[in-house]
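Dear colleague,

I am handing over a structure for you to look at, and below it I have written down what was found. Please keep the structure open while you read, so that you can find each place as it is named.

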Amino acid sequence: MDLIENLKNALNNEEVDIVPAVSVTAAAVEETFPAAGVSWPEAHKDPEQMAKLGIALHEQAGLECARIPFDLTAEAEAFGCKVDLGDMDNTPTLKSNAPIDDPEDLEVPDDFVDQGRLPVILEAIEILKNEYPEVPVIVGMAGPFTLTGHLLGVEDLVKMLKTDSFIVEDAVDVALEAQIELVEAFNDSGVDVICVADPTSSPELLDPNDFNEFAQPALEDLASEMDVQSVLHICGNSKPILEGMLDSGFNGASVEEAVDMTEAQELRAQMGTDTVMVGNISTSQTLFSKPTDEVKAEVKAALEKGTNVLAPSCGIAPKSPLANLQAFVEARNEYYE
């Protein structure tokens, strides 16, 4: 089976050989590190190690993709935010907002895609495409509203929606301008899929009306710049904004287990959209701590409900058992036997 063609067909809402089993969100499991010869934080900043870790779940669990990077802080770092890259037990975290005195001073740094770890991600894509040309490469990036929250502070951003919404609009425009530059670099890199993760747009943080006004237009503009397959992922219970997600111009909409896949497919049918559903095997519970038989049961239920691309519901916790990711793929195979 041609893994790239199969995933492309699935995201284009076309006939597939078998529903792809991938992770569009961050995918790094500590049990894979020894065989891959990698460690953290080195794999966040070294392109060779990033590529090796990105392909590890393909080689060790059968996942039908390579997925990099493993956090959502690289774009904020390129703006000058301070980032703690963590260690073997902690993923990167932001330690500061953008180095500006006033939100109205925010602007895209010169040569944005050459800043921070963005060149590392681009080089890792090149390594993966050269060494594993048959495996789809999925690259992740933050959504415009999420990046704006990283730059200004999420709490301050939410407050400004009520008091200075015009500043929020301008800041989101700056974030979008930077991300369009990054998307252009991704388009040229040969990557197969771009996944935009926009957790700050979740209804658990952002009122759905504000999503429609501030987040969705920027997502639509970003999607329109993509020359490759694309997926939008929003965390939490995204049911209140699912129609907007499906109408934002991405090939796929990735959701967590709070969204019932049957209901999502019914909404797709009502809308007549070609945007497909991606997901939604629980990462916080099933893949993280449940036995393999329960992993398999949840996978088969998701397939029965019609998920178009089988994937974890969100980023995979690094301490998730490798056996559960292996069971994730095995269950998809068993479903088609």
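This is a predicted model: local features need pLDDT of at least 70, side-chain atom pairs count only at pLDDT 80 or more; totals for chains, interfaces and linings use all residues.

Helices and strands in this message are DSSP runs, numbered from the N terminus, where a helix has at least four residues and a strand at least two.

Backbone features

Most residues other than glycine have a negative phi, and most peptide bonds are trans. Asn 13 has a positive phi of about 60° although it is not a glycine, and, with a relative accessibility of 33%, Asn 13 counts as partly exposed. Asp 111, which sits in the loop between strand 3 (93-94) and helix 6 (118-131), also has a positive phi, near 50°. Asp 111 has a relative accessible area of 53% and is therefore exposed, since the cut-off for that class is over 50%.

Two peptide bonds deserve a look as well. The bond from Ile 68 to Pro 69 is cis, with omega near -15°, and Pro 69 belongs to the loop between strand 1 (66-68) and helix 5 (74-78). Gly 279 and Asn 280 are likewise joined by a cis peptide bond, with omega about -15°, but Asn 280 has its place in strand 8 (residues 276-281).

Helices that pack together

Two packed helices are described by the angle between their axes and the distance between the axes. Helix 4 (residues 47-61) packs against helix 15 (residues 322-335) at an angle of about 70°, and their axes are 9 Å apart. Because angles of 65 to 115 degrees count as roughly perpendicular, helix 4 and helix 15 are placed in that class. The crossing in which helix 4 passes helix 15 is right-handed. On the side of helix 4, the residues that take part are Leu 57, Gln 60 and Ala 61, and they meet Leu 322, Leu 325, Gln 326 and Val 329 in helix 15. Sorted by class, this contact has 5 nonpolar and 2 polar residues, with no charged residues.

What is the angle at which helix 7 (residues 144-152) and helix 9 cross? Their axes cross at roughly 110° and come within 8 Å, which makes helix 7 roughly perpendicular to helix 9. The crossing of helix 7 and helix 9 is right-handed. Pro 144, Phe 145, Leu 147, Thr 148 and Leu 152 come from helix 7, and they meet residues of helix 9 that include Val 168, Ala 171 and Gln 179. By class, the contact of helix 7 with helix 9 has 9 nonpolar, 2 polar and no charged residues.

The nonpolar cores

The largest nonpolar core has 84 residues, and among them Phe 186 and Ile 194 touch the most other members. Helix 9 (residues 165-189) gives the largest share of this core, with 13 residues. If residues up to four places away in sequence are not counted, Phe 186 touches Ile 121, Leu 122, Ile 125, Val 139, Met 141, Val 191 and Ile 194. Another core, of 35 residues, lies apart from it, and its members include Ala 10, Ala 21, Cys 195 and Leu 303.

Leaving out residues up to four places away in sequence, Lys 296 touches Ala 327, Glu 330, Ala 331 and Glu 334.

Gln 229, in strand 6 (residues 229-233), is also buried, with a relative accessible area of 13%. Gln 229 and Asp 192 are 37 residues apart along the chain, while their C-alpha atoms are separated by 6.3 Å. Beyond its neighbours within four places in sequence, the contacts of Gln 229 include Lys 8, Asn 12, Asp 192 and Ile 194.

Met 88 lies in the loop between strand 2 (83-84) and strand 3, and at 31% relative accessibility Met 88 counts as partly exposed. The C-alpha atoms of Met 88 and Met 1, which are 87 residues apart along the chain, are separated by 35 Å. Not counting residues up to four places away in sequence, Met 88 touches Glu 30, Phe 33, Ser 39 and Trp 40.

With kind regards

Definitions and conventions:
Residues are numbered from 1 along each chain as its sequence is written. Side-chain values use heavy atoms; hydrogens and water are left out. Axes are lines fitted to C-alpha atoms, for helices over the stretch in contact, and angles run from 0 to 180 degrees between N-to-C directions. Angles under 35 degrees count as roughly parallel, over 145 as roughly antiparallel, 65 to 115 as roughly perpendicular and the rest as oblique. A crossing is left-handed if the near helix is turned anticlockwise from the far one by less than a right angle, and right-handed if clockwise. Contact means heavy atoms within 4.5 Å. Ala, Val, Leu, Ile, Met, Phe, Trp, Tyr, Cys and Pro count as nonpolar, Asp, Glu, Lys and Arg as charged, and the others, Gly among them, as polar. A nonpolar core is a set of buried Ala, Val, Leu, Ile, Met, Phe, Trp, Tyr and Cys residues joined through side-chain atoms within 4.5 Å. Buried means under 20% relative accessible area, exposed over 50%, partly exposed in between (1.4 Å probe, protein chains only).
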